[in-house]
Amino acid sequence: MADSKAHSDSSPGGIAIALQDVQFAYATAPVLCDITLSFRPGELTCVIGPNGSGKSTLAGLMVGLHTPTGGRIEVMHAPLATMPHRQRARWISLVPQRSLCSFDFTVMELVAMGRYHGTGATDGRRLPAADEAAIEEAMRLAGVSHLANRLITELSMGEQQRVGIARMLAQDTPVVILDEPTASLDLQHQLELMDLLEAIKKQGCCLVLITHDLNIAAQCADNVVALHQGRIAARGKPAEVLCDKVLGEVFGVRLQARGDTMGFVLNRKSAD
Amino acid sequence: MRYAAVLVSIAMLLAMLLSLCTGPSFDHGVVLTLGFPTGQILHLRLVRLAAAAIVGASLSLSGILLQNLLRNPLADPYVLGLSGGASLAIMVWIFLIGLESQAVHLLPWESDVLGMGHTAPAFLGAAGAAACCFWLGRRTRTGSMDPVRMILAGVIISTITGALMILINSFLPAYQQNHVYFYLFGYISEITPAWLLLVGALGLAGAWGGGLFMARTLNIASLSDIEAASLGVSMQKTRLINFLLSSALTAISVAIAGPIGFVGLICPHISRRLVGPDHRRLLVIAPLIGATLLVLADLLARISATWLNHPVPVGVITALIGGPLFLYMMRNTTGWR
């Protein structure tokens, strides 16, 4: 994107987003405990873990939906808790697992929502030309330009997912969180998305990818974090985390890494 | 959008003119006449017209805000029990004032105390019902909103407030019961006091302006909580403002005309069909459509009353026309525009 070059320069100390001893609980049920993590610009970190391990809650904490019950989160060395909402949206964007929209917005209208953070209280007015250009470019990159005037409720899950990606691109933030972005995509669009992520990573963007797809984690991630029952079970380079022992502990199944490429084969036998 | 706004405005003005020019004449028995009225008749019809327009616009706006708040196109102040809460609060108010002063209050605004009339209790009632609805409609574990649970809570609140109103009504003197009965169905009166219309018009203008100012925020608030948060919208603040505005609008409409169903449900749907779901356009069109529909419904109520020689509550007309219309739209719509 146009000003993504500035992303890598805008993070003194080389940490885009840092979590320090973060705790979170719904009412009395703890969901995340003692989460200390940092994500750097120009790196893709995959967060893996079984269902209910706290991955999506972690995303909710990082975009400011939830407030940690303990610890602190900093974005570009500024505390997230006291940051105004629009400013937060200029730093961090999110591609949700599934976009929930009860009303028939067009694709263009939804992608344009990505520019909300920059337009101040200009409700009711036309967007500035720079915003219009960013929206056009985002739709082109995500391959949804031809769907611009279609209603979101008429699109397939995969197309809706690409609209979410276009909105993230329009938002143009130095930190991007993607929650299962490949879940509804066909193989071709999965590969295109990974190429796109690689390109924005090279421009200095910090990417956090929540995924169940261990092959993507193995092939694309610079770092992998494995969550288990709300705690960090392992973190490090893909080769360190995506090993039989860690995956057996975290997922309760045995996985075999294929020797030639970094791919995984699910072994039906349960871990002991 | 411009065409739609112009067409709807013309339709509203025509409906208003028709409403002004149509009404019973008492010169040669009660017959329906068409012609521009003068003197006292013009004054009475203007009052009724203003009341219908303010109530229609308020209900429509309130419906849009509640549907946005719940992310559910089936929400409206009547379904969610806000109208019921406001009406019950007014009933309790009339009852208590009546007990204290032993006065005869045929219509709610006759119990004007503290110079605030019954709009303050109506607001408290609507806000109380909305708060109950939101509290009951939250998921116990995560605290997030469950729209289906909220609508069910609203239906139950409506039923309970309806039962309590009938109970209170049974304690009122017989001559008053008939008037309250009309009020419970939604009745627009030509003797609505000017101060109440002024309060209503100012409240409506404020809420309308507020809604338009936060139109883009409301668009984003239609998405899921996590998407809204990531796009820079504080859902807590947006919900609170939305909650206060929709409660105030419901209070205005109930204070003037009692609980009227279907206007808050139908008008947002018609508006979405005309201009789509973007609140920047929707909030311009919907109050105009609400005003048009209620002015026409009130005109029908007056015509029916002339034929039947008996007053007909406008709420009966909106339910009889709005209900089937809503079912028709529901069957013929793929998505909720």
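Contact means heavy atoms within 4.5 Å. The exercises below concern a predicted model.

**Exercise 1. Describe how helix 7 of chain A is placed against the strands of chain A.**

Step 1. Helix 7 covers residues 187–202 of chain A. It lies across strand 3, strand 7 (175–179) and strand 8 of chain A.

Step 2. For the direction, take strand 8 of chain A as the reference: helix 7 runs at about 150 degrees to this strand.

Step 3. Two of these strands are also partners. Strand 3 (residues 44–48) and strand 8 (residues 206–210) of chain A pair in the parallel sense, over 4 bridges. One residue pair can be located by name: A:Leu44 has A:Leu207, in strand 8 of chain A, as its bridge partner.

**Exercise 2. State the strand order of the 6-stranded sheet in chain A and identify its edge strands.**

Step 1. The order is 6-7-8-3-9-10, in an open sheet with mixed pairing.

Step 2. Strand 6 (92–95) and strand 10 (231–236) of chain A are the edge strands, since each pairs on one side only.

Step 3. From one strand to the next, the twist averages 20 degrees.

**Exercise 3. Explain why one side of strand 2 and of strand 5 in chain A is left without a neighbour in the sheet.**

Step 1. The sheet in question is open and has 4 strands in the order 2-1-4-5 (chain A), with antiparallel pairing.

Step 2. Strand 2 (29–39) and strand 5 (78–79) of chain A stand at the edges and have a single partner strand each, so one side of each lacks a neighbour in the sheet.

Step 3. Strand 2 of chain A is joined to strand 1 (residues 17–26) of chain A by 7 bridges, and the two run antiparallel. Within this pairing, A:Val22 has A:Ile35 of strand 2 as its bridge partner.

**Exercise 4. Classify the aromatic pairs of the structure.**

Step 1. Over all chains there are 2 aromatic pairs.

Step 2. A:Phe24 and A:Tyr26 have a centre-to-centre distance of 5.0 Å and an angle of 85 degrees between their planes, an edge-to-face pair. Planes over 60 degrees apart count as edge-to-face.

Step 3. Residues under 20% relative accessible area are called buried. A:Phe24, at 7%, is therefore buried, and A:Tyr26, at 13%, is likewise buried.

Step 4. In chain B, the ring centres of B:Phe134 and B:Phe243 are 5.4 Å apart; the planes stand at 50 degrees, so this pair is tilted.

Step 5. B:Phe134 belongs to helix 4 (residues 119–136) and B:Phe243 to helix 10 (residues 235–257) of chain B, so the pair ties together parts 109 residues apart in sequence. Both B:Phe134 and B:Phe243 are buried.

**Exercise 5. Find which arginine residues lie over tyrosine rings.**

Step 1. In chain A, A:Arg86 lies over the face of A:Tyr116, 4.0 Å from the ring centre.

Step 2. In chain B, the charged end of B:Arg48 sits over the ring of B:Tyr187, at 5.7 Å from its centre.

**Exercise 6. Characterise chain B and its interface with chain A.**

Step 1. Chain B has 13 helices and 2 strands. Of its 337 residues, 57% are buried.

Step 2. The contact between the chains takes 34 residues from chain B and 40 residues from chain A.

Step 3. Between them the two chains bury about 3,000 Å², with 61% of this area on carbon and sulfur atoms.

Step 4. B:Arg216, B:Ile226 and B:Leu231 supply 22% of the area that chain B buries against chain A, more than any other three residues.

Terms used:
Residues numbered from 1 in each chain as written. Chains lettered and ligands numbered in written order. Predicted model: local features only at pLDDT ≥ 70, side-chain atom pairs only at ≥ 80, totals over all residues. Heavy atoms only, no water. Phe/Tyr/Trp six-rings, centres within 6.5 Å; stacked < 30°, edge-to-face > 60°. Buried < 20%, exposed > 50% of the residue type's maximum accessible area, 1.4 Å probe, protein only. Lys NZ or Arg CZ within 6 Å of the ring centre and 35° of its normal. Pairing = 2+ DSSP bridges. Axes fitted to C-alpha atoms, helices over the stretch in contact; angles between N-to-C directions. Buried area = accessible area lost by both parts, 1.4 Å probe.
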